2 protein chains.
Amino acid sequence: MTSFISTYENKVDKKGRVSVPAAYRSALGSEAYQGVIAYPSLTYPAIEGLGRGTLEELNRRRFDQSLEGGDFAQTLVGRSDDGLVETIMSLASELPFDGEGRIILPARLAEQAGITDCATFVGRGTRFQIWAPDRYLEHQTAEIAALRTRLSGGAT
Amino acid sequence: MTSFISTYENKVDKKGRVSVPAAYRSALGSEAYQGVIAYPSLTYPAIEGLGRGTLEELNRRRFDQSLEGGDFAQTLVGRSDDGLVETIMSLASELPFDGEGRIILPARLAEQAGITDCATFVGRGTRFQIWAPDRYLEHQTAEIAALRTRLSGGAT
DNA sequence: TGGTATATCATGGGAATTCATGGGAATCAA
DNA sequence: TTGATTCCCATGAATTCCCATGATATACCA
């Protein structure tokens with residue numbers, strides 16, 4: 001299982017290129033396709049990222065499940081209550097690495113996340129996110145505060 | 001299952017390197033990747049440590065669980081009630097051993113734990129902690145006193 | 001039992017490699 | 001041609017690798 005952890009802040013140059021942290025790249029090491037899948041977060045001003053292998057496993061499991069359930073309609077015409085997955089698929093881009101392990105952030109995604117000249121890569125386990133550094137700082141502060149409250153109130 | 005026990009105090013050199021106690025290293029012996037995962041404790045001024053295998057299993061189970069439950073959206077956007085795992089992933093670092101079994105403490109983690117030139121490794125079973133020696137001493141005293149009180153007050 | 005040899009371990013410093021970053025040349029599309 | 005994209009190479013800084021040392025513990029032998 002590919003695991004993305006830790007956070008890194010890298011620069012975005014004039015051409016829109018950013019180095020994907022070496023640790024993330026080596027986490028993807030075994031995958032045939034060298035690059036990542038990116039799509040906008042629907043809940044935060046951020047870009048979501050996946051390895052290609054993760055995306056494929058997701059789609060395969062979803063496909064299998066709809067066939068086993070006999071829901072052929074969903075498989076063929078996507079008539080499903082869960083439009084979320086399909087919407088994301090349409091918004092997703094394949095971003096290949098250049099020789100130095102960089103990707104080019106699609107303008108639409110960068111804009112939506114408010115990313116200009118710096119980008120923060122945030123590991124989330126099986127996926128990762130790319131934020132504008134200042135927005136992430138803000139978000140992270142709130143995120144940790146919420147967790148601390150919960151932990152001090154409940155179990156360890 | 002890897003088991004970390006006992007307490008060790010080691011030096012941190014100018015480069016931020018510390019030897020991981022040999023006993024901990026041999027506890028990880030069977031794991032393919034030689035190193036540990038570290039993240040800040042959210043309740044103490046300390047660093048928490050795990051074997052990589054533990055982290056991988058955590059991510060794998062989370063991934064499988066969301067797919068089997070048909071919650072594909074969670075896999076894609078992490079729309080979930082527990083931000084706990086995702087927050088920890090963002091705060092965690094992979095610390096590989098060098099040839100001598102040392103790791104480099106990330107500045108952020110060391111600072112948060114108040115560690116400068118010495119570090120105390122504390123076995124906690126399936127995970128371990130790294131403390132500043134003086135803070136740990138203090139914490140340990142309180143911890144033991146609290147236990148004594150609880151035990152003498154409760155059972156015969 | 002005493003003493004020595006051997007292995008393991010924590011620690012230190014210097015050299016070599018990796019990594020992020022920047023710019024220019026080559027390629028492609030229109 | 002013109003604009004954009006991709007490929008290739010250069011650079012400095014940070015990191016990792018490699019070897020050396022001393023201390024401690026363990027094994028071995030007389």
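Select helix 2 and helix 4 of chain A: Leu55(A), Leu58(A), Asn59(A) and Arg62(A) in helix 2 meet Val85(A), Glu86(A) and Met89(A) in helix 4. Contact here means heavy atoms within 4.5 Å. Helices (H or I, at least four residues) and strands (E, at least two) are DSSP runs, numbered from the N terminus. By class, this contact of helix 2 with helix 4 of chain A has four nonpolar, one polar and two charged residues. Ala, Val, Leu, Ile, Met, Phe, Trp, Tyr, Cys and Pro count as nonpolar, Asp, Glu, Lys and Arg as charged, and the others, Gly among them, as polar.

This is a predicted model, in which local features need pLDDT of at least 70 and side-chain atom pairs count only at pLDDT 80 or more, while totals for chains, interfaces and linings use all residues. Residues are numbered from 1 along each chain as its sequence is written, chains are lettered from A and ligands numbered from 1 in the order in which they are written, and side-chain values use heavy atoms, with hydrogens and water left out.

Helix 2 spans residues 52-68 and helix 4 spans residues 83-91; they pack at an angle of about 145°, and their axes are 13 Å apart. Axes are lines fitted to C-alpha atoms, for helices over the stretch in contact, and angles run from 0 to 180 degrees between N-to-C directions. The crossing of helix 2 and helix 4 of chain A is left-handed, a term for a near helix turned anticlockwise from the far one by less than a right angle, with right-handed used if clockwise.

**The whole of chain A**

Taken along the principal axes, the C-alpha atoms of chain A fill a box of roughly 50 × 45 × 30 Å.

**The sheet of chain A**

In what order do the strands of the open sheet in chain A lie? The six strands have the order 1-7-8-4-3-5, with antiparallel pairing. Two strands pair if DSSP finds at least two bridges between them. At the edges are strand 1 (7-11) and strand 5 (93-96) of chain A, each pairing on one side only. Neighbouring strands of this sheet are turned by 30° against each other on average, direction ignored.

Next, select strand 7 (residues 118-123) and strand 8 (residues 128-131) of chain A, which run antiparallel and are joined by four bridges. Within this region, Ile130(A) in strand 8 is the bridge partner of Phe121(A).

**From chain A to chain B**

**Chain B**

Turn to chain B and select helix 2 (residues 52-68) and helix 4 (residues 84-91), which pack at an angle of about 140° with their axes 12 Å apart. That makes helix 2 of chain B oblique to helix 4 of chain B. Here Leu55(B), Leu58(B), Asn59(B) and Arg62(B) meet Val85(B), Glu86(B) and Met89(B).

Then select strand 4 (residues 47-51) and strand 8 (residues 128-131) of chain B, which pair in the antiparallel sense over three bridges. Phe128(B) in strand 8 is the bridge partner of Gly49(B). Helix 2 of chain B packs on the sheet, touching strand 3 (35-40), strand 4 and strand 5, and its direction makes about 80° with that of strand 4.

Key
Parallel < 35°, antiparallel > 145°, perpendicular 65-115°, else oblique.
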